[in-house]
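Keep the viewer open as you read.

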Amino acid sequence: MISRHLVLGAVLGPVLGAALLAAPALADDNTVTVGMILPMTGPSASTGKQERAAAELYIQRHGDTVSGKKIALVVKDDTGAADVTKRLAEELIGNDHASVLMGFGLTPLALAAAPVATEAKVPQIVTAAATAMITEKSPYIVRTSFTLPQAAAPMADWAMKNGIKKVVTIVTDYGPGVDAEKWFGDTFEKAGGTIVEKIRVPLKNPDFAPFLQRVKDDAPDAVFVFVPSGFGAIFMKEFAERGLDKSGIKLIGTGDVTDDDLLADIGDSALGAVTAHHYSAAHNSPENKAFVEAFEKANNGMRPNFMAVAAYDGMALVYQALEKTKGDASGDALLAAMKGMSWMSPRGPISIDPETREIVQNIYVRKVEKKDGALYNVEFETIPNVKDPYKAAKH
Amino acid sequence: MRAAQPTATTRRLEAHLHRRARWRWPEIVFWVAALGAIVVLPSRAALINEILIAGLFALSLDLILGLTGIVSLGQAAFFGLGAYSAAILASKGFADPTLGLLFGAAIAAVLGLATAPLLLRGGDLTRLMVTLGVSLMLGELANRNGWLTGGADGLNFSMGKVLGLFPIGFTGQRNAALYSFAALFILFAVARRLAQSPFGLALAAIRENRLRAGALGIATSRRIVAIYTVSAAYAGAAGALLAETTQIVSLDLFDFHRSADVMLMLIIGGAGYLYGGIIGAAVFIVLRDVISAATPEYWEFWIGALLVVLVLIGRERIHDFAVRAASSLAPDAARGDAA
Amino acid sequence: MLTILFDGVAYGMLLFVLASGLSVTLGLMNFINLAHGAFAMVGGYVTALLMNRAGVPFLVTLPAAFLIPAILGVALERTLYRRLYGASPLDQVLFTIGLVLMAMPIADFFLGDEPQQVNLPAWLSGSATVYGVGISLYRLFIVAVCGAIAALLQIFLVRTRFGAQLRAAVDDTRVADGLGINVDRIFAVAFAVGSGLAGLGGALAADVVGGIDPSFPVKFLVTFLIVVTIGGANGILGALFGALLLGVLDVAGKYYVPSIGGFIIYGVMVVTLVLRPQGMFARGDGR
C-alpha cells in the first residue's frame with residue numbers, strides 16, 4: 001500500500017519540480033521588477049483590485065521604460081495571510097529579482113515583509129496599510145498612502161471649531177482603528193471636548209446594530225467612526241436605519257467610511273457625513289480629473305478610491321527615483337532618491353519626509369453631497385502639508 | 001497474561017510487524033528527493049519550507065483522521081496555538097528555535113488533552129463542529145488579548161539561530177527549509193513507528209469499528225484521547241515551525257480556511273498511509289503557486305474546478321491511473337509490495 | 001432593552017432562513033453541502049441586480065430570489081450532486097468546497113467585488129417607536145416573512161404527503177423506492193427548496209450585512225453550520241429555535257458585554273454539543 005502511493009509520489013515529484021523551476025521570471029540587467037503583494041482574493045480583495053488597476057494605469061500612461069530600464073510589474077496574491085506575504089516577499093526578491101516591493105493591504109501584512117526588506121536592502125513601498133508605526137519597523141519602508149493620526153487629528157480640530165462638544169467613537173478593533181480612536185480622542189479632549197464612550201467593534205463579520213443602539217442611548221453631538229475600506233456601507237445603512245441621522249447625531253470620521261469605491265452604492269443614507277481624508281475622487285484639480293477619467297475608462301467605470309491613488313503614487317515614486325538615480329536600481333540608491341521626493345499627485349501636492357519616510361500631504365475636510373446625480377465626498381476645507389502627528393510627537 | 005512461550009502465531013505476527021517496520025526504497029527515494037529539492041532549488045526554499053510545514057500539519061490530521069477515523073475541522077486550533085506559543089516565547093527573549101518548537105508542541109498537546117474528551121460523544125458532524133468551535137474561540141481569545149498576542153496587528157519577533165549555528169530569515173531561507181525538513185523527518189519517523197506499534201494497530205481497529213474494538217478489550221476512549229493529544233502536538237509543532245521561519249504570527253492562523261485547506265491537502269494525497277498529507281501539501285501548494293501567479297484574482301476558480309473534477313472522476317481511479325502509468329515507466333517499482 | 005431583544009429575534013429569524021435550506025440538505029438528506037452559501041449569494045445578487053439595473057420593486061424581486069437559485073439548485077443536483085449522495089462525507093466536503101471556490105471568482109469576474117447594495121423602499125427603511133421601543137421597520141418585515149416561511153416549511157415537511165415521502169426516502173432509500181416513491185424526484189424537489197430558501201435568505205440579508213459580494217459564501221458558512229448543529233440537524237423547529245437563541249445571545253452579548261461579544265456564538269455551540277451531542281432539539285435517539 002505504502003509503496004503504491006509512493007510510486008505515485010515519484011511520478012508527481014518531477015512534475016512538481018518542473019513547475020517550481022518554470023516560475024522564475026526572466027530578469028536581466030535592463031529590467032527593473034516591481035513586486036506588488038496584495039490581497040487579491042478574500043475579504044480585502046477590493047483593495048487589491050484598486051491598487052493593481054492604478055499601478056497598471058501608471059505604467060500605461062507613462063510608458064514602461066524609465067532611464068533606459070524596462071519596468072516589469074509582478075502582482076502576487078497573499079490572500080490576506082501574513083505568512084504568505086512574507087514568503088512572497090522572499091520569493092519576489094530571491095526568485096523574481098524584484099528591486100522594489102509594493103502594496104501590503106493590512107498592517108500585519110506590511111509588518112511581515114519588513115524584516116525581508118531590511119535584510120535584502122530593498123525598498124518596501126506601503127500603499128495601503130495605515131497604522132502609524134509601520135514605517136518605524138524597517139529603514140527601507142516608504143509610505144505613499146496615509147496614517148490614521150494624519151486624518152483623525154484634523155477631524156477633531158474641525159469638530160471642536162464647529163460646535164461639537166460630546167462625541168462617541170466607534171472604531172474597528174485593530175491597529176488603524178486604535179490609532180484613529182487615540183488621535184481623535186486625545187486631540188479632541190485636549191481642545192476641551194468630551195469623549196462619552198469609546199466603542200471597539202471586532203474586525204470580522206461586523207454587525208454595527210447593537211453598537212449603534214448604544215450610541216443612540218448615549219445621545220452625543222456626533223459619532224466619530226473608523227471602519228476599514230469596504231465596511232462603510234453596512235455602517236451607513238444601520239446608522240440611518242436606527243434613525244441616528246434624524247435624532248441630530250452628526251456622523252464624522254476618517255474618509256474610510258465614505259470610501260469612493262462604495263459611495264455610489266451606499267445611497268442617500270450617506271448624505272451629509274463629514275470626514276477628513278487625503279483623497280476624494282471629486283478633488284478639483286486637472287491632475288485628478290485626468291486620473292479619474294483614465295482610471296474609469298480602463299476599468300469599466302470603476303471609481304478610483306484612496307487605495308488606487310496610493311498605488312498610483314507608489315509607481316510615480318519608483319519612476320521618479322529611477323530617474324534621479326539614472327537607472328541605478330540598487331536598494332540604497334533608490335531609497336536615498338525617494339527620501340525628500342515631492343511631486344503633484346492626483347490628490348494634491350505630496351512629499352516624502354526624508355526623516356521618517358512618511359508621506360506629507362494635504363488633509364481635506366469633506367462632506368458627502370450629490371454631484372451630477374452621484375454621491376461624492378466634496379472637499380470644503382484644506383489643512384495643508386500634514387505630517388504624521390504620531391511621529392511628529394516623538395521627534 | 002502473555003504466554004511464556006511464543007506460539008507460532010505470535011512469532012508470525014512479530015515477523016510481520018518487523019517486516020512492516022522496515023523502510024522501503026521508495027520511501028528512501030522520497031526523502032532524498034525532498035532533501036534534494038531544497039539543495040537544488042535554493043531560490044524556491046521559501047515555498048518548499050511552506051510545503052514541508054503544511055505537510056507536517058496534514059500529517060497531524062492524518063494521525064486522527066487517517067489512522068483513527070476521527071474527523072476534525074479544528075486542527076487550526078493547535079496549529080495556531082503552537083505558532084503563538086513559539087512566537088510569544090521568542091518575543092519574551094527565548095529565541096532558540098528548537099526550544100520554541102518543543103514549547104509550541106507541548107502547549108498544543110496540553111490543549112489537545114484538555115479538549116479530547118469533547119470528541120468521545122456524538123457523530124461526525126458534532127465532532128467537526130466542536131473542533132471548529134474550539135479553534136474559532138481560540139482565535140477570538142488571541143484577538144481579545146492584544147497585550148500578549150498583538151491582536152489583529154499580529155506579532156513580530158526575531159528568532160535566534162537554529163542550534164545556535166544556522167541563521168534563519170531572508171538570507172537563511174535554505175536553513176529554514178532544512179530546519180523544517182529535519183523536524184518533519186524526525187516527527188514522521190516517530191509517527192511511522194507509532195502507526196506500526198500495537199498502539200497503532202489498536203487505532204486501526206477503532207477506525208474500522210469502534211464498538212467491536214471495545215469488545216476486543218481495547219480501551220477505545222483512552223486511545224482516542226492519546227492519539228488526539230499526539231496529533232495536537234504535531235499540529236502545534238507545525239505551527240511553531242511556521243511562526244519561527246516567518247517570524248510573524250497573525251489571527252488568520254486560527255481561521256476556518258486553515259483547517260479546511262489542510263483537510264483538502266490530506267484528502268488529495270490520500271489519508272491513512274502518512275505520506276498522503278505531504279504529497280497532498282506539495283500538490284496543493286505548488287498548484288496554487290503556479291495558478292495564482294498566472295491569475296492572481298481568479299486562481300480559486302481553477303483550484304475549485306480541480307477539486308470538483310477530482311471528486312467526480314473519483315480519487316481512487318486517479319491514483320490507480322497514476323500507479324499504472326508509473327508501472328509502465330518503471331515496472332519493478334509498481335509491483336513493490338502492493339499486496 | 002426590548003429593542004435589543006427584538007433585534008436579536010430579527011437576526012435569529014434571518015439566520016434561520018439562511019440556514020433552513022442547509023438543515024434540509026444536511027439534516028434531512030445527510031448531504032454535507034458547504035456550497036449552501038453560494039446559493040444564498042445568487043439570491044442576493046438576483047435581488048440587488050433586478051433592483052439596481054432593472055428598477056424592479058423590492059418585493060417583486062423576492063420570488064425571483066427564491067426561484068432562480070432553486071432552478072440552479074435542481075440543475076446542479078441533477079447533473080452533479082446526485083452522483084455524490086452515497087459518497088463519503090470527505091468527498092462531499094471536497095466537492096462542495098470546490099463549488100464554493102468556483103462560485104466566488106465567477107461572481108467576481110462578472111459583477112466585480114464591490115458589494116451590490118439592496119436599497120430598501122421608503123416604507124421599509126427607518127424605524128418606528130411602539131410603546132417606547134424603537135423597532136426597525138425592515139427588521140419587523142424580516143420577522144414577519146421569516147416567521148411565515150418557518151410555518152410553511154414545518155407544514156410542508158410534517159403535514160404533507162411530500163414531507164412524509166421525503167422522510168421515508170431519507171430513512172431508507174431502497175425501501176422507499178420499493179414502495180413506489182419516486183426518490184429521485186423527491187430529492188430533487190427537496191434540494192430545490194433548500195437552495196431557494198438559501199437564495200431568499202441571501203436577498204433578505206443583503207441589506208443587513210452591507211451588500212452582497214463574492215466572498216459571501218464563505219463569510220457566513222461557519223454561522224450556517226453553527227445554527228444547524230445547535231438546532232440538531234434534523235428538524236425545522238430545531239433550526240428555528242437554534243437560530244433564535246443564537247440571534248438573541250449574539251446581539252445582546254455585543255450590546256452588554258462587547259468585550260466578549262465575539263465568543264458567544266462559538267461558546268454556545270461548544271457547550272450545547274458537549275451537553276447534547278445531537279443538538280439541542282434533536283429527537284431522543286439522535287437519528
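A:Phe104 is buried, since 32 other C-beta atoms lie within 10 Å of its own; buried here takes 20 or more such neighbours, exposed 12 or fewer, and partly exposed is in between, with C-beta atoms placed from the backbone. The residue sits in the loop between strand S4 (98–103) and helix H4 (107–120) of chain A. Helices (H or I, at least four residues) and strands (E, at least two) are DSSP runs, numbered from the N terminus. Most residues other than glycine have a negative phi.

Before going on, a word on the ground rules: this is a predicted model, with local features needing pLDDT of at least 70 and side-chain atom pairs counted only at pLDDT 80 or more, while totals for chains, interfaces and linings use all residues. Residues are numbered from 1 along each chain as its sequence is written, and chains are lettered from A and ligands numbered from 1 in the order in which they are written.

Now look at A:Asn300, where phi is near 60°, again positive in a residue other than glycine. Is that one buried or exposed? A:Asn300 is exposed, with 8 other C-beta atoms within 10 Å. Its place is the loop between helix H10 (286–298) and helix H11 (306–324) of chain A.

On to chain C, which has twelve helices and two strands. Along the sequence the pattern reads α-α-α-α-β-β-α-α-α-α-α-α-α-α. A compact globule of 287 residues would have a radius of gyration near 19 Å, and chain C agrees, with 19 Å; the radius is taken over C-alpha atoms, and the globule rule is 2.2 Å times the number of residues to the power 0.38. The C-alpha trace spans about 60 × 45 × 35 Å along its principal axes, and 57% of the 287 residues in chain C are buried.

Inside chain C, helix H3 (residues 58–79) and helix H8 (residues 183–205) pack at an angle of about 140°, their axes 7 Å apart. Axes are lines fitted to C-alpha atoms, for helices over the stretch in contact, and angles run from 0 to 180 degrees between N-to-C directions. H3(C) and H8(C) are therefore oblique to each other: under 35 degrees counts as roughly parallel, over 145 as roughly antiparallel, 65 to 115 as roughly perpendicular, and the rest as oblique.

Chain B has 16 helices and two strands, and 56% of its 339 residues count as buried. Where do chains B and C meet? The contact takes 33 residues from chain B and 35 residues from chain C, two residues being in contact if their C-beta atoms, placed from the backbone, lie within 7 Å. On the chain C side, the largest share, 17 residues, comes from H4(C).

Zoom in on that helix: H4 (residues 89–111) of chain C packs with helix H12 (residues 256–269) of chain B at an angle of about 115°, with axes 11 Å apart. B:Ala260, B:Met263, B:Leu264 and B:Ile267 meet C:Leu90, C:Val93, C:Leu94 and C:Ile97 there.
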